[in-house]
Amino acid sequence: MVNRKQRNAIKQTVKNRKMRPFSFRKVCILLLLVFFVVFAIYVKHLDRIIRQKFEGKRWSLPAVVYARPLELYPGLSLSPTELEKELQLAGYRSESLVADPGGYDRDGDLMQLVTRNFYFSEGLQKSVNLTVQFAGARIESITRADSRQSLSLARLDPARIGSFHPRHHEDRIVLTRKELPDLLINTLLAVEDQNFYAHFGLSPRGIARALLANIRAGETVQGGSTLSQQLVKNFFLSNKRTLQRKFNEAIMTLLLEFYYSKDEILTAYTNEIFLGQDGARAVHGFGLASQFYFRRDLENLTASQIALLVGMVKGPSYYNPLKYPDRCLARRKLVLDIMFSRKVIDEEVYQQAGAVSIETSGETISGFNRFPAFLDLVRRQLRRNYLEEDLTTDGLKIMTTLDPQVQWQVEKNLTETIDGLEKRTGVSQIEGAVIISSREGGEILAIAGSRKPLQSGFNRALDARRPIGSLIKPTVYLTAIANGSTLASPVLDSSLTIDDGKGEIWSPKNFDGKEHGLVPLYVALAQSYNQATVKIGMDVGLKKVLQTIRDLGIDIDFPAYPSLLLGAAAMVPLEVSQMFQTLAAGGFYVPQRVIGSVLSSDNKVLKRFGLSVEQRFTPESIYLLNTALQLGVREGTGKSLFHYIPPSHNVAGKTGTSNDFRDSWFAGFTGDKLAVVWLGRDDNKPTGLTGASGALTVWGKLMQSLHAEPLELLEPPGIEWAWLDPETLEISDHFHYKKIKLPFIAGSIPSQAKVTPSPALGKKQKGSGILDRIRDWFSLRKEAGEH
Amino acid sequence: MKRGKKIAHWRYLAIILAILSANLFLHGCAVRKASIPLYPYEEHIEKSPTAGSSLLENAKQALQADKFNQAEIFLERALRLEPRNGELWHTMGQVKFKQNHHAQAVQFCLKSNSLARKNPLLIRKNWNLMEKAYLQMGETEKAARVRRQYLESR
């Protein structure tokens, strides 16, 4: 047992031991230990930052959007000027001796050009040197400059028309170490970091040398940072000159050098470095800088051009060749001196490079985000498949259907025509939208969302939801035809009163305020008679008309009110375009497309938006409706189109005007293209324009400038022909100059009338037009004589 | 009698000349009315048949080598140049069939038929392929119907 005294003694000893101070040595060890633990944690933190960045996605690469590639072939209707404009949009250089990819030389009707390597969906298309001979406004021949081989088809690499940036708008073309030319690397090392391959990230010798130079000069004239340090600074740190940043820079540089090879660091540096500003876009890396300043691939740069770019590393804004050519020239000379003194180049190259004046890309057409309305649709369609983040960071390559030649014409004609209409009518603030697509494939070739093509605000082609007026009528007549009506069916165009579906009485009026009595169905459509249309629509049933609208590709549930039959339903031009696309493609629903495919940054196909078709209407019904739409242009409300396009082009189309002249529409197609035009005011006030006096004029001028092909409707097998007298509505097999020959679905011609030969047959075998009529007349007279 | 016949012939000739001259006169009026006297369409040149056909050839080779996606891309290019070439649409139907997209194969054949004009060989090829596609889809009635059409057309 321990007594109390002993217990107190023990307590005292413990207390004394506790109170005894640590020795200095122990404190130091402890502090050091704490420091090392904290330091280790901090280094680990920096280590994680570095490895995350280097092993993950190093750069946020914007998705790049390309126009359709231009296909050249003998016979193509394209002038040398048009080709030159397209080449400039694609960033080609005009030069006298074309040798490198991305250059062209025009000598009158002869064009020499070297295409650039490009990865399409099917793989790499290699650069080729082409000679294109023109004959007037068409291509006569294409030959390979090297082998003199004549080509039937040559595809150019497409123009880059825009990109989807993340917020900070950095852009770059990422290159691999192999893609970096030796001359660039040697120059960069000679100027920025001579001992790059020898040091361990930091260069004490370099720091000492810089320090000495700075002391001598009394200011900072030389930096002691290695390339690795610069990369760390650019990549991870701010530009603040603080001790903590310097400390972090040193640690991170050492870590970077520890984990990664010199080549990896060098490659990252060349891709990261900031080299200028292109509007809101920051130009990073030598790859993009080469394109931006010289319109050349990096591998094709001359010594003087490389010297210029390397010289800009020190201060891209200060040495900007476009703004400060003198400063830039002096800096380039200094770099060339270093290149020569360190034997990167020999004397001959040195002399030559020094003698060259500052070269930049010269005059080019910037296609960068140049077509905002089209890019808007591209972006919306991409959002169905990709997250916004994927679009701004993954470097996707988006191959679109934009045809710059068509787009330029759309912009020009829309702007000029609206200007003219405003002057003529005295109405101001008229706006417009145009969508134009290929007739069979449904590829959208161009979009205008405003009369000001560069305006990226309200995109009327996609968002202006307005009543479509008479553009709805083809759906009513198609429904009637599909349900047994013929183009000759008599329809009563007279006043009628019906329940509007909302409990009110509705009495539609015709545009001219008149009633036209009994008319054949095709006349009611061609002349756009409202009362006859409502009669037809109500007879066939609103539900069926609504189903036709859905079958044409419009996924909207319109309320089944009778006013729908006269276009009270509001649609955006893009939807109208899809509706008419199905008619233009012969009753086949072809989803309209703006994107062909999406490739990853390493050129793998991620998604293809291929062609698909679906027959939604019988060929015979569509043939009848399209014939009626042709007649509408030939002798109906679209007649004034002949001011721009000859009648022989047989355009099929429909005008549309909404109440009080608020909206002016025209939708129609030629042999190769479909276009929809809308004109109106954003505040929805009247413009005083009908479909014919407004939108049709834009449409006509546009198709005229695009050299649209004539429309030839192919007659399906189940069609028969007969003559109709539009006044008496009598169908017969006798020709009369007042009569019109109409197609019928086989079996629908009244029994008393005889089938007459198809005009298509006559055209092919015996000629057409008036001669055809005379021949028919004679043949009928002959037949009559024989009986 | 003979004289009467002669007069009848002259009458025919006179009517023809009258119609022709009236037509020419009216046509001239129409042109004069138009604000733009000359249309630029005279310069329209037919596309070279070789551009589309060389792509069709490439597509057929890719199809034979079971490179269906490649074939599809060639055909889409060709269709951009010659969108109303029924042969191209039919070959697209073949590609879709090989890709096991049988419903699309049928649709491309229908499209091809709509552009086949009076090319009985192409129409028969389409019906033949449609029959195979319908059978793959288990739609025997439709297969039998196109089979009948095929046989009737021979």
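Reader: Hi! Let's start with Cys109(B): is it buried or exposed?
Author: Hello! In this predicted model, Cys109(B) is buried, with a relative accessible area of 0%.

Reader: And Cys328(A), buried or exposed?
Author: Cys328(A) counts as buried, because its relative accessibility is 2% and the cut-off for buried is under 20%.

Reader: Thanks! How many disulfides does the structure hold over all chains?
Author: Zero, over all chains.

Reader: Okay, new topic. Which residues touch the most other members in the largest nonpolar core?
Author: Those are Leu72(A), Leu83(A) and Leu113(A), in a core of 145 residues.

Reader: What is Leu72(A) in contact with, leaving aside its neighbours within four places in sequence?
Author: Its contacts include Leu78(A), Leu83(A), Val132(A), Ile139(A) and Ile142(A). Ser152(A), Leu153(A), Ala154(A) and Leu156(A) are also in contact with Leu72(A).

Reader: Which residues does the second, separate core include?
Author: That core has 58 residues, among them Val232(A), Leu298(A) and Ile306(A).

Reader: Nice link! Now helices: at what angle do the axes of H4(A) and H8(A) cross?
Author: Roughly 90°, and the axes come within 12 Å. H4 spans residues 182-192 of chain A, and H8 spans residues 262-272 of chain A. So H4(A) is roughly perpendicular to H8(A).

Reader: Which residues meet there?
Author: From H4(A), Ile185(A), Leu188(A), Leu189(A) and Glu192(A) meet Leu266(A), Tyr269(A) and Thr270(A) in H8(A).

Reader: And how many of them are nonpolar, polar or charged?
Author: The contact of H4(A) with H8(A) has five nonpolar residues, one polar and one charged.

How values were computed:
Residues are numbered from 1 along each chain as its sequence is written. Chains are lettered from A and ligands numbered from 1 in the order in which they are written. This is a predicted model: local features need pLDDT of at least 70, side-chain atom pairs count only at pLDDT 80 or more; totals for chains, interfaces and linings use all residues. Side-chain values use heavy atoms; hydrogens and water are left out. A disulfide is a pair of cysteine sulfur atoms within 2.5 Å. Buried means under 20% relative accessible area, exposed over 50%, partly exposed in between (1.4 Å probe, protein chains only). Axes are lines fitted to C-alpha atoms, for helices over the stretch in contact, and angles run from 0 to 180 degrees between N-to-C directions. Helices (H or I, at least four residues) and strands (E, at least two) are DSSP runs, numbered from the N terminus. Angles under 35 degrees count as roughly parallel, over 145 as roughly antiparallel, 65 to 115 as roughly perpendicular and the rest as oblique. Contact means heavy atoms within 4.5 Å. Ala, Val, Leu, Ile, Met, Phe, Trp, Tyr, Cys and Pro count as nonpolar, Asp, Glu, Lys and Arg as charged, and the others, Gly among them, as polar. A nonpolar core is a set of buried Ala, Val, Leu, Ile, Met, Phe, Trp, Tyr and Cys residues joined through side-chain atoms within 4.5 Å.
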